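Student: I am new to this structure and would be grateful for a close look at a single part of it. Please set that part within the whole chain.

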Amino acid sequence: MHGPASPGWLLVALCAATGAYCLLRMRSHVEEQRRTAGGEAVMGFGMAAMAVPAAAYTPPSWAWPGYAAVFGAAALHALWSARAGTHHLHHLVGASAMVYMSLTMAVSPGHGGSGIPLVTGALLAYFTGYVLLSGVRLVPAVAPVGAGLGWGDRPELARACRLSMGIAMVAMLLTL
């Protein structure tokens, strides 16, 4: 993504840490949580890879279509999973946003093209709303939870993980 290097590296660190925690969540005893955590880990690591500042590393021309293919597959998986519950629709929007950003970067690598303003604006509005709503929902969950829950089963950490990826998505859309 385009923009200053320092915030770019902070975004890389945030997304990579989120992806790593999502991998830890995959050890949960709840099957649905494991599946959700796997998709979120892919998003976290993919966002980290895409957020590497252009000044530090310029990906080859085939990388952006490769990202679009990976996130396109993730979007199809989220669409298929949405049959079981509407919470997968957020994953569909997130993966589709990553496809959109990948294709935008493929069309204008290094030039800072902002894509289609209406689409970028709609995605910014969605993720800004998501971040605000997730932040409000996180506040009551900060209260101590029952003993015996492993790191992968803590609901407040899962919400914080989703909140940080939403914030990262807003940042990536702003620097597109």
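Tutor: The protein chain exposes about 9,200 Å², of which carbon and sulfur atoms supply 72%; accessible areas come from the Shrake-Rupley method with a 1.4 Å probe, and for residues only the protein chains shown count as cover. This is a predicted model, in which local features need pLDDT of at least 70 and side-chain atom pairs count only at pLDDT 80 or more, while totals for chains, interfaces and linings use all residues. Residues are numbered from 1 along each chain as its sequence is written, and side-chain values use heavy atoms, with hydrogens and water left out.

The average pLDDT (the predictor's confidence in each residue, from 0 to 100) is 85 for the protein chain, and 86% of the residues score at least 70. The secondary structure comprises six helices and zero strands; helices are DSSP runs of H or I with at least four residues, strands are runs of E with at least two, and both are numbered from the N terminus.

Thr18 lies in helix α1, which covers residues 5-25. With a relative accessible area of 6%, Thr18 is buried (buried means under 20%, exposed over 50%, and partly exposed in between, with a 1.4 Å probe and protein chains only). Leaving aside residues up to four places away in sequence, Thr18 touches Cys161, Ser164 and Met165, where contact means heavy atoms within 4.5 Å. The side chains of Thr18 and Ser164 are also joined by a polar contact of 2.9 Å.

A polar contact is a pair of N or O atoms within 3.5 Å; within protein, one must be able to donate a hydrogen and the other to accept it, and residues adjacent in sequence count only if both atoms are side-chain atoms.
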